[in-house]
Amino acid sequence: MSEISTKPYMLRAIYEWCTDSGYTPYLAVKVDSSTTVPMEYVKKGEIVLNISYGATSGLKMDNDAIHFHARFGGVSREIYIPVNNVMAIYANENGQGMAFEPLVGAAPAPAPKAEEPAAPALSSVPTGPSLAPAPAPRSEDDNGPDDGGDGGAPKGGRPTLTRIK
């Protein structure tokens, strides 16, 4: 029997700590084909999401995935994030939380047989008139872009969670 990962339990614990402390929980996610997020808000293959009670609807944090509905630019979107893709969960107000090494592709699908042609891969195509990436979602009440244009950096000199490789 394989060992059960502690990651989903830690994610739920930090989320609960954030909400109990009056902080806004944020998720940093590595985006790949297994995630369902608005691609226009993805920067460098990553997205930061506000997962507070006021910003989400139907938040469910299972052992395998996190899924909920959130508004982006006033439009409700369904979000699906495999737990393996979560890079960090933290309180936006003070940067306290926990970082994880994303295990993207940890359970890959079986490789096709040599005589079978591989299925074509899907990739996102930029939408809208501009090919410039949109700012990361930062608003507390809406996961839409903020007007700061700083790529999602917290305002007011507050501490942030810095991922060191």
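**Notes on the sheet, its helix and the cores**

1. Let's start with the helix. H1 lies across S1, S6 and S7, and it runs at about 20° to S6. Keep in mind as you look around that this is a predicted model.

2. Now for the sheet under discussion. Four strands make up an open sheet in the order S2-S1-S6-S7, and the pairing is antiparallel. S2 and S7 are the edge strands, each pairing on one side only. From one strand to the next, the twist averages 15°. As background, strands of a sheet pair through backbone hydrogen bonds, either parallel or antiparallel.

3. You can follow the pairing across the sheet. S1 and S2 run antiparallel and are joined by five bridges; Tyr-26 has Asn-50 in S2 as its bridge partner. Five bridges also join S1 to S6, again antiparallel, and here Val-29 is partnered with Val-86 in S6. Three bridges then link S6 to S7 (residues 97–99), also antiparallel, with Ile-89 standing opposite Met-98 in S7.

4. Is S6 mostly buried or exposed? Six of its six residues are buried, so S6 is largely enclosed by the rest of the structure. S6 also forms a hairpin with S7, with five residues between them. In that turn, Gly-95 has a positive phi of about 75°.

5. Next, the packing. The largest nonpolar core has 25 residues, and Leu-11, Leu-27, Leu-49 and Ile-81 touch the most other members. Helix H1 (7–20), S1, S2, strand S4 (65–72), strand S5 (75–82) and strand S6 (86–91) each give two or more residues to this core. Another core, of six residues, lies apart from it; Tyr-26, Ala-28, Met-87 and Ala-88 are among them.

6. Leaving out residues up to four places away in sequence, its contacts include Leu-11, Ile-47, Leu-49, Ile-66, Ile-81 and Ile-89. Val-86 and Ala-88 are also among the residues that Leu-27 touches.

7. Why does Lys-44 count as exposed? Because its relative accessibility is 81%, and the cut-off for exposed is over 50%. The phi of Lys-44 is near 55°, a positive value in a residue other than glycine. For context, most residues other than glycine have a negative phi.

Methods
Residues numbered from 1 in each chain as written. Predicted model: local features only at pLDDT ≥ 70, side-chain atom pairs only at ≥ 80, totals over all residues. Heavy atoms only, no water. Buried < 20%, exposed > 50% of the residue type's maximum accessible area, 1.4 Å probe, protein only. Core = buried A, V, L, I, M, F, W, Y, C linked by side-chain atoms within 4.5 Å. Contact = heavy atoms within 4.5 Å. Pairing = 2+ DSSP bridges. Axes fitted to C-alpha atoms, helices over the stretch in contact; angles between N-to-C directions.
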